[in-house]
Amino acid sequence: MCPTFRFAPSPNGALHLGHALSALINFKAAKKMAGQFLLRIEDIDTTRCTPDKIKQMREDLHWLGLDWPEPVMQQSRRFDIYGAQIEQLKARGLLYPSVASRKDIHQAIARAEEETGRPHPRDPDGTPIFPRHLLKNKEHAEGDAAWRLDMQKALTLIASSHSSQLRWQESGPRSASYPQASMIAADPSAWGDVILARKDCPTSYHLSVVVDDAAQEISHVVRGQDLYHATGLHRLLQQLLDLPAPLYHHHRLLTDIAGQKLSKSRGDLSLRKLRDNGATPDDIRAMIQLCTDDLAAFC
């Protein structure tokens, strides 16, 4: 199979230097392995992902010297495909409707923490785990509901049908905080009962990304370390939906002077702003310090 890489940002804001790093690693790795590089537009948030932002994103990437085959996969045109996967999971009893609002969840957690004196558990992103046991009176009607994965039921199903532990293959030189290339034990339970379809959207990032990686036959998922722990959840979904598992590589993140990762919401060093101030593509490569170590995992 031809090595296939993809760059799949959500065009809900201007691309910044962190995006440039990820896009260039994917593009150069594909070239190095005589494979192909794909662009995917992850625009399930149709309110914030506007046509103007998509156009700007494509212009910025072309300006960096990247190219890709057309047409480009656009997630907002694939809601029926994601919906079919949701229906499959519903039919197997792996999803349940969730009508609790953020306020309901916040109040339930606050009451529990006050009563027990213990902090409520949080997922790897720092978000409180959904307190299903505290919201029994609210989780009963489908109505205007989101659909959550019944994590315990999903894990029980996987355990009964697979003799080996759920893992993923992580490639390449890593930071001191992570192991070297190896098989990594997945821990999807750390995410709790995640939403897979929202009230206002028939899908979610976690569902769409595994469905689309399979549809595009992505062999190498190369993305930032901020998504390292999400891979455990993605491996679970791949097993539940009978999808192939690509090889994963989580590259370094660019941070600001405070050590925080760059963010589209703060407009950190956007490529458009840097271009307007006279930066060249070579300047961008110098700023992100793209080097041979970034590509050492790809032979």
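Predicted model: local features only at pLDDT ≥ 70, side-chain atom pairs only at ≥ 80, totals over all residues.
Residues are numbered from 1 along each chain as its sequence is written. Local features need pLDDT of at least 70, side-chain atom pairs count only at pLDDT 80 or more, and totals for chains, interfaces and linings use all residues, while side-chain values use heavy atoms, with hydrogens and water left out.

**Stop 1: helix 2**

Select residues 51–63, which form helix 2. Helices are DSSP runs of H or I with at least four residues, strands are runs of E with at least two, and both are numbered from the N terminus. The end C-alpha atoms of helix 2 are 18 Å apart, which agrees with the 18 Å that its 13 residues should span at 1.5 Å a residue. That expected span is 1.5 Å times one less than the number of residues.

Now colour I54, M57, D60 and L61, the buried residues of helix 2. Buried means under 20% relative accessible area, exposed over 50% and partly exposed in between, with a 1.4 Å probe and protein chains only. Look down the axis: the buried residues fall within an arc of 125°, so they line one face of helix 2. The arc is taken from the directions from the helix axis to the C-beta atoms. On the other side, P51, D52 and K55 are exposed.

Show the cover over the buried residues of helix 2; it includes strand 1 (4–7), helix 1 (17–32) and helix 8 (271–276).

**Stop 2: S270**

Select S270, in the loop between strand 10 (247–251) and helix 8. S270 is buried, at a relative accessible area of 8%. Leaving out residues up to four places away in sequence, S270 touches A14, L15 and H16; contact means heavy atoms within 4.5 Å.

**Stop 3: helix 3**

Move to helix 3, residues 79–91. Its buried residues are Y82, G83, Q85, I86 and L89. They fall within an arc of 160°, so they line one face of helix 3. D80 and A91 are exposed on the other side. Just past helix 3, G93 takes a positive phi of about 75°.

**Stop 4: helix 3 against helix 6**

Finish on the contact: I81, Y82, Q85, I86 and L89 of helix 3 meet L207, S208, V211 and D212 of helix 6.

Terms used: Axes fitted to C-alpha atoms, helices over the stretch in contact; angles between N-to-C directions.
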